[in-house]
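Morning, everyone. Please look at the screen.

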Amino acid sequence: PDRGLGGSNVLEDARLLSSLLATSPIDLLTLTATYEREMFKRAKVAVQESEEAAIAFAKLRSGQ
């Protein structure tokens, strides 16, 4: 939460989804698969960065 990753990801999700929906004709199965693949890839990075930040913060608090 301290770096705004959730909010940034929501905005990127909206950009990606609107871009995919602008394609014609719309193939919902392909659109959904593409959207999920990109969303999960980006979310995985955000979760890893958050975990690393939490570990670093815990080390600071414990004096390590």
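Let's start with a term. A residue counts as partly exposed when its relative accessible area falls between the buried range, under 20%, and the exposed range, over 50%. Keep that in mind. One more thing: this model is predicted.

Now, how many salt bridges does the structure hold? Three. Why would such pairs form at all? Side chains of opposite charge can pair when their charged atoms come close.

Take Glu-12 and Arg-15. Their side chains meet in a salt bridge, 2.6 Å from N to O. Both residues sit in helix α1, which covers residues 5–21. They are three residues apart, about one turn of the helix. Buried or exposed? Arg-15 has a relative accessible area of 44%, so Arg-15 is partly exposed. Glu-12 is partly exposed too, at 25%.

Next, Asp-13. Which residue is its partner in a salt bridge? Arg-42, and the closest N and O atoms are 2.1 Å apart. Asp-13 lies in helix α1, but Arg-42 lies in helix α2, residues 28–62. So this pair ties together parts that are 29 residues apart in sequence. And Asp-13 is buried, because its relative accessible area is 15% and the cut-off is under 20%.

Last pair: Glu-38 and Lys-41. Their side chains meet in a salt bridge at 3.6 Å, N to O. Both are in helix α2, three residues apart, so about one helical turn separates them. Glu-38 has 26% relative accessibility, so Glu-38 counts as partly exposed.

To recap: three salt bridges. The Asp-13 and Arg-42 pair ties helix α1 to helix α2.

Conventions: Residues numbered from 1 in each chain as written. Predicted model: local features only at pLDDT ≥ 70, side-chain atom pairs only at ≥ 80, totals over all residues. Heavy atoms only, no water. Salt bridge = Lys/Arg side-chain N within 4 Å of Asp/Glu carboxyl O. Helix = DSSP H or I, 4+ residues; strand = E, 2+ residues; numbered from the N terminus. Buried < 20%, exposed > 50% of the residue type's maximum accessible area, 1.4 Å probe, protein only.
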